[in-house]
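Visitor: Can you walk me through this one? I'd like the overall picture before the details.
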Amino acid sequence: MAKALVVVESPAKAKTINKYLGRNYKVVASMGHVRDLPKSKLGVDVDEGFEPSYEVIASRKKILKELKEEAKKAEEIFVATDPDREGEAIGWHLAEELGSGNRKKIRRLMFNEITKKGVLSALERPTQIDKKMVDAQQARRVLDRLVGYKISPLLWDKVRRGLSAGRVQSVALKLVCDREREIERFVPEEYWNLTARLAGPVPPEFDARLLKKNGANIKITNEAESNAAVADLKTARWIVESVTTKERKKGVVPPFITSKLQQASRFPVKKTMMIAQQLYEGIELPGEGSVGLITYMRTDSTRVSDQALAEVRESIGSTFGAEYVPEKPTYYRAKADAQDAHEAIRPTSMQYHPDEVRAHLTSDQYYLYKLIWNRFVASQMPPATFDETTVDIAAGDYTFRVKGSVPKFAGWLAVYNQEPFASSASDERPGPGPDAASADEDENGAGLLPALSEGDELSLRELKPEQKFTQPSPRYSEATLVKALEENGIGRPSTYASIISVIQTREYVNKVDGRFKPTMLGMMLVEKLLSPAFDDILDVNYTRELEEDLDKIEQGASDYESTLSSFYKKFQKDLKRAEKEMVNLKEGAEPVPPVACDKCGKAMVIKAGKFGLFLACSGYPDCENTRELEAPEPGTEDIEETCENCGRPMVVKRGRFGPFLACTGYPECKTTRKLITTKQGITAARPDQVLDEKCPKCGSNLVLKHGRFGEFTACSNYPSCRYVKQKSTGVLCPKDGGDIVERKSRRGKVFYGCANYPDCDFTLWNKPIAEKCPDCGAPFLVEKITKRHGRQLVCNNEDCAYVRSEELAPA
């Protein structure tokens, strides 16, 4: 029997740790938080020091009961939850539950990496639950609860149920809305670039960009100025005025912290963190079992242990050579507000090279692991050096410039095969303006140059004037929004993913070409509903100061009650003000500018409906006219379709699953049609196609329709008859003999189930094949397709090991 009980959050983490600890330890998973504030009420006593009232989460009651039984049998109990505030709070809740009626001393295990060395080292030095960290997490949780449970009912009363206004999500939404207003106000300015194609005494030809006129930077702002410059230059002599060469260094980059990993990854923030969690908790490797490949992935520290530094320096020397190992390790300065309890995100061991373990990783895991590996290795290598040559060329009163660079020493770029490593957040810079050339925002022909000397005469091959317009700052992508949150001190590494998820789930923003565009509801929430009563909740500086107050609680420089009391005092006044001043969209709010009803001439008002905001006539119920408030979806403005049933024009409407076409004859005609995206843009799906085949249930004709997940065949007598024809696999259900058909889950994933559902619940994820198993005689095989093994036919009987490889069918 195990002498000690070790409690962690996840089964994957438990499996990896259990391998290192042996039979005297039993490692079990709590599946995350076991207690939380109640959902049905505030759960915080604001009159008694903001005392939270926790209750066991319903889905964790069974798990907690099992944990308590195991705790009774164990001589020692260790809590080994994640080494951050959230993990400390989970550990505290577990200790509170397991410690009630149990006098055994509960101790804390802290490790930054799930490796044998990390786990055994933590076991040698167990600690106690850090109550200051717990208080900091509780303060955040209570702050969020106070804001959410006090403001949300107001929004439900004034707008509609389902809306929320979180403490941090509201600031993130305001950043998105402010950027959208900035884009709307932006007035493009015209400017022209003038590029000369030149040839020197020896090849190759090269391009130089106009920089100055009469020694001063020149800005060409219209076509007339461009034509005048071209006319002047056609008769000019082109002479090399100066050639300067200097060494330039491209500095190394620090290892990843959470926010920088989220910005650099090609995946959405949520997926990045999910894959990083998998790499941290353990990957199955042959002969070693489950191995944690990276250190803890929620950190804002760039610190690296001395042992890891020694290991990576040795690896660099053996892989790239001694010249790639700096004389001393590189140490990076931490941010002022960084929580330095953890190391940077790095590989746990240099023995697990990405290419060595690639066969045991999914493609997504390999990509992220290689990204982390390369960044860590590069962080301990010397700078890359280049010889950068700048050539100024005189042409009459004008000066052109060209730059060229030649690599001297690859340095850290050797990790990336000498290709400069570009952060995915680099697109945050505003577009180049009329003085781009002078500001070096455009690399003027940076590349290979011929040998040139001062005084050389050049030949003009071509003059290329190019009209440009300044561009506004782009909308936020997930990566650039994380960057903005980090720079403004909003949230923490562990909260960025949930912030971004919430503003999308609540439909406050939409993604357009991978970037966030606020919906009208999102704009209204920030500009009309929360403002002005809750301006401090929306204020970046106020939110940052609250984050700093939470840090002070963890550091022991402030306490839980005074921090919450200071916040709540003003918040109460704001709530009373909002009750009086908040716009009531249930009654209707006047749009700016005013809009007249096109049917009766009365003023239209903004109202909130099931699928967002819309314009409604103030003359209701005498006039039931309504109109879309949101601007048309990009690409839908020119769609002109007529209803196939009544001949009236169709218009673009917005519903639960996005834009669609609806007949203007509603409610007499309820015809709708899906909008689909093609290579040519957004277009209407084909009208329903009536088939000769009859419905087996009511005898009406079947029709071919377009739904959320593509084409399907259904009864034309809908909604009286809801028959939908399923795609048969030709295999009979082993439970009731019904036909096994292809179906789709709520998320659009294909699976296979009995056509007699819900009377029969038989399902398969893999496609059944009508072929008996030659080994055990099972009535069918299933098809599995993987990157590693290709197409295989496998017996679905768990007791049978039959498997056969097959060629993939041609696409």
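Visitor: Fine. What should I know about the source?

Guide: This is a predicted model, in which local features need pLDDT of at least 70 and side-chain atom pairs count only at pLDDT 80 or more, while totals for chains, interfaces and linings use all residues. Residues are numbered from 1 along each chain as its sequence is written, and side-chain values use heavy atoms, with hydrogens and water left out.

Visitor: How many helices and strands are in the chain?

Guide: The chain has 18 helices and 38 strands. Both are DSSP runs numbered from the N terminus: H or I of at least four residues for helices, E of at least two for strands.

Visitor: What box do the C-alpha atoms fill?

Guide: Roughly 90 × 80 × 75 Å, taken along the principal axes.

Visitor: And what share of the residues is buried?

Guide: Buried residues are 47% of the 811 in the chain. Buried means under 20% relative accessible area, exposed means over 50%, and partly exposed is in between, using a 1.4 Å probe and protein chains only. The accessible surface of the chain is about 42100 Å², with 48% of it belonging to carbon and sulfur atoms; the areas come from the Shrake-Rupley method with a 1.4 Å probe, and for residues only the protein chains shown count as cover.

Visitor: How many positive and negative side chains?

Guide: There are 122 positive and 119 negative side chains, and the centres of the two sets lie 5 Å apart. Lys and Arg count as positive, Asp and Glu as negative, with His and the chain ends not counted. Each charge is placed at NZ of Lys, CZ of Arg, CG of Asp or CD of Glu.

Visitor: Domains next. Which residues make up domain 2?

Guide: Domain 2 is given as 163-181 + 475-574. The bounds come from an automatic or database domain assignment.

Visitor: Let's look at α14. Which of its residues are buried?

Guide: Helix α14 covers residues 496-505, and its buried residues are Tyr496, Ala497, Ile499, Ile500 and Ile503. Seen down the axis of α14, these fall within an arc of 165°, so they line one face of the helix. The arc is that of the directions from the helix axis to the C-beta atoms.

Visitor: Why would that spacing give one face?

Guide: An α-helix has 3.6 residues a turn, so residues three or four places apart point the same way.

Visitor: What covers the buried residues of α14?

Guide: The cover includes α6 (169-185), α8 (258-264), α9 (269-281), α13 (478-487), β18 (509-512) and β19 (515-518). Contact here means heavy atoms within 4.5 Å. Just after α14, Glu507 takes a positive phi of about 65°.

Visitor: Is α15 enclosed or open?

Guide: Seven of the 10 residues of α15 are buried, so α15 is largely enclosed by the rest of the structure. Among them are Leu521, Met524 and Leu529. Cover for the buried residues of α15 includes α5 (131-158), α16, β20 (604-609) and β21 (612-617).

Visitor: Which loop holds Pro532?

Guide: Pro532 is in the loop between α15 (520-529) and α16 (535-538). The peptide bond from Ser531 to Pro532 is cis, with omega near 5°. Another cis bond runs from Tyr718 to Pro719, with omega near 5°, and Pro719 sits in the loop between β29 (710-715) and β30 (724-725).

Visitor: Switching to Phe50. Buried or exposed?

Guide: Phe50 counts as buried, at 5% relative accessibility. Phe50 is in the loop between β4 (44-45) and β5 (51-52), and has a positive phi of about 55° although it is not a glycine.

Visitor: What about Met31?

Guide: Met31 has phi near 60°, also a positive value in a residue other than glycine. Its loop lies between β2 (25-29) and β3 (35-36), and Met31 counts as partly exposed at 38% relative accessibility.

Visitor: Back to Phe50. Where is Glu561, which touches it?

Guide: Glu561 is in helix α18 (residues 560-581). Leaving aside neighbours within four places in sequence, Glu561 is in contact with Gly49 and Phe50. Glu561 and Glu48 are 513 residues apart along the chain, with their C-alpha atoms separated by 9.4 Å. Glu561 is partly exposed, with a relative accessible area of 45%.
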